[in-house]
Amino acid sequence: MKKIFILFTLALLAVSCTEALDKFPLDKLSDANFFSNEDGLKAYSNTFYSVFPGAGSYESATLCCLDQADSYFRNKRLDAITGNRIPASSGTGDWDWVDLRKFNTLLDNLGQCEDKQVAAQYEGLARFFRAYFYFEKVKRYGNVPWYDTQLGSDDPALYKTQDSRDMVINNVLKDLDCAIEQLGRTREIYTVTAWTAMALKSRVCLFEGTFQKYHNSNSLRADSLLNQCAEASLRFIRESGYSLYNTGTPEQDYFDLFTAGDYMGSPTTTEVILARNYSITYKATHRLHACLLTSGEGASGMSRKAVASYLNRDGSRFTDKEGWEKTQFKDELTGRDPRLAQSIRYPGYTRIGGTAVLAPDLANCVTGYQPIKFLMTEDGDVHGQSYGDLILFRAAEVYLNYAEAKAELGTITNEDLDLTVNAIRKRAGIADAGKVTLQTPADPFLTDSKWGGYTHTTDAVILEIRRERLCELNQEGFRYYDLMRWKEGNILTAPYYGMYFPGPGEYDLTGDNQPDVCLYTDTKPTTTAPVSLKIGEEISLSEGESGMIDKFKGQVASQWDENRDYLFPLPLQELRYNENLIQNPGWPDGRGQ
């Protein structure tokens, strides 16, 4: 099968240029019978894949190292909690509808294709992408206008108001049901299939079901959506043939899943439902390595809260250990869930293809917990030249969706937990003592306000499933919107901490008995440590001369408006163009009202 970047290039050539895609000269396409055969439909539809996130600007994208929330952050706080998120005065931002027009254009022209089986397949594909497009819009804006046909520049429907999120989500699910029915069931890597549509339905129904439960107390709609999530997820688990990638090597399997490079032919594709393909040869690259390694791309780091959330390998809870809050880095990572040492630099860490032991780089990581998930060989470190494929959908998410939906419905069983959460923990190498059961006691750490604990549930099973989402899906673009659907936005205002240091001195972070960092207060001491940082100037600690790294210490307190901040504001320019649009609650509309 051809790879997406090759197909995308061919598609661009087929329609002449990107501007042509934006303007859609339908008379020319019709003259060329563009939609009359499978070749034309394939060339046109391969442009759809650009709607998926990649690893571009860390300010705007949402995939992989771009998953900024409470468990993973960088040297600039989210605008949402600093008061800097305001309606754009010009431009459309993410209120953009060009991609939607592409999908509707194909759907409106499918009658030109005489092969009805081919037409049905591409109807399913276009409706999948339309569903994906609208789901992302609803997550961000709530109510949005629904369009299911291409519009001319003078069409009155361009100036309609928003439709309700219930109506839009219902149409999204209709599109996905069509896609599940009409797309192929052969497992692919870079091509959307019926299984991709099933995974997306699982994701949509879980998101909207929990949103309705926690925001609107609409139990009937919430239960309906959560049941649909459970049904789609279980069908996927039973019928798709996808499974958790597991070679019986828990110290390596999780890391290998994200560093396969080229997924074509990789054994990890037992779990990968859909990936975005990159290639240095074809100059299809991204910026992920730079995001993980440099201060100029945000100095990314995992939070201490996230690190503390990982269980011990024996299944016990790390935060049950007396004095855990003052545990230093080397001891902190000893005996833990193996996924932790496959997600951040650990004592003894070496790069793929390298032999040098690398310490966490405190000069380029805001927390000291420096991410390594997705990090491949050094030739991808050049800014904008990373080329490893990126996963968009994988089976573990569907497993967790199923477990959460059943738990939220109150119908989950121990068998359900063994099928999903416990299977993931077993793949990770966690002992059976860490299995979740209906008798598992609630972990007080997960609801501790000091650490930004959850406030809207104390259900022990739900809390454990949320823990597992954080640990298994960290850095994959889920955490921020998980907090949004659970109505836990206020968690983002809790302090953001990094690793603990008991005071000035030299610290060995690699386990070789040699200092890797020196912290000092007055005059810089003589040291062999390659990094020296002055406390209070180059590094801030939570208790002054000791404590956890506190990057944002002394800055204006974070804020969260429960009545406003779960939705983004519409751009003011769009409100001026269309007087029927309604600004989201709490945001200015720029109309002088």
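**Entry 1**

I began with a side-chain pair: Glu472 and Arg339 are joined by a polar contact of 2.7 Å. For a polar contact I need a pair of N or O atoms within 3.5 Å; within protein, one must be able to donate a hydrogen and the other to accept it, and residues adjacent in sequence count only if both atoms are side-chain atoms.

Before going on, I noted that this is a predicted model, where local features need pLDDT of at least 70, side-chain atom pairs count only at pLDDT 80 or more, and totals for chains, interfaces and linings use all residues. Residues are numbered from 1 along each chain as its sequence is written, and side-chain values use heavy atoms, with hydrogens and water left out.

Is Glu472 buried or exposed? I found it buried, with a relative accessible area of 0%. Buried means under 20% relative accessible area, exposed over 50%, and partly exposed in between (1.4 Å probe, protein chains only).

Next I listed what Glu472 touches, leaving aside neighbours within four places in sequence: Tyr254, Glu271, Arg339, Lys373, Arg394, Ala396, Leu400, Ile424 and Arg427. Contact here means heavy atoms within 4.5 Å. I also checked Gln342, which is 130 residues from Glu472 in sequence, yet the two C-alpha atoms are 11 Å apart in space.

Glu472 sits in helix α18. Helices (H or I, at least four residues) and strands (E, at least two) are DSSP runs, numbered from the N terminus. I looked at α18 as a whole and found 14 of its 14 residues buried.

Then I checked its length. The helix covers residues 460–473, and at 1.5 Å a residue its 14 residues should span 20 Å; the end C-alpha atoms are 20 Å apart, so the two agree. The expected span is 1.5 Å times one less than the number of residues.

At the start of α18, a side-chain oxygen of Asp459 comes to within 3.0 Å of the backbone nitrogen of Val461.

Most residues other than glycine have a negative phi. I went looking for exceptions.

Gln475 follows α18 and has a positive phi, near 75°. I placed Gln475 in the loop between α18 and α19 (479–485). It counts as buried, with a relative accessible area of 1%.

Ser217 also has a positive phi, about 50°, although it is not a glycine. Ser217 lies in the loop between α9 (194–216) and α10 (219–239). Buried or exposed, I wondered about Ser217? Ser217 is exposed, with a relative accessible area of 62%.

**Entry 1: after α20**

I moved on to the segment after α20 (572–577), where I found Gln583. Gln583 counts as buried at 10% relative accessibility. What do the polar atoms of its side chain approach? One lies 2.7 Å from the backbone nitrogen of Leu570, and I noted a distance of 2.8 Å from a polar atom of the Gln583 side chain to the backbone oxygen of Pro588. Beyond four places in sequence, the contacts of Gln583 include Pro87, Pro569 and Leu572.

Asn578 is in the segment after α20 too. Asn578 is buried, at 5% relative accessible area. Not counting residues up to four places away, Asn578 touches Leu158, Tyr159, Lys160 and Arg591.

**Entry 2: cysteines**

How many disulfides are there? I counted zero, taking a disulfide as a pair of cysteine sulfur atoms within 2.5 Å. The sulfur nearest to that of Cys229 belongs to Cys205, 6.2 Å away, and Cys229 is in no disulfide. Cys229 is buried, at 0% relative accessibility.

For Cys518, the closest cysteine sulfur is in Cys365, 19 Å away, so that is too far for a bond. Cys518 is buried as well, with a relative accessible area of 2%.

**Entry 3: the whole chain**

Last, I stepped back. The protein chain has 20 helices and nine strands, and 58% of its 593 residues are buried. Its C-alpha trace spans about 75 × 60 × 50 Å along the principal axes.

Of the contacts with a separation of 6 or more, 71% are between residues 24 or more positions apart.
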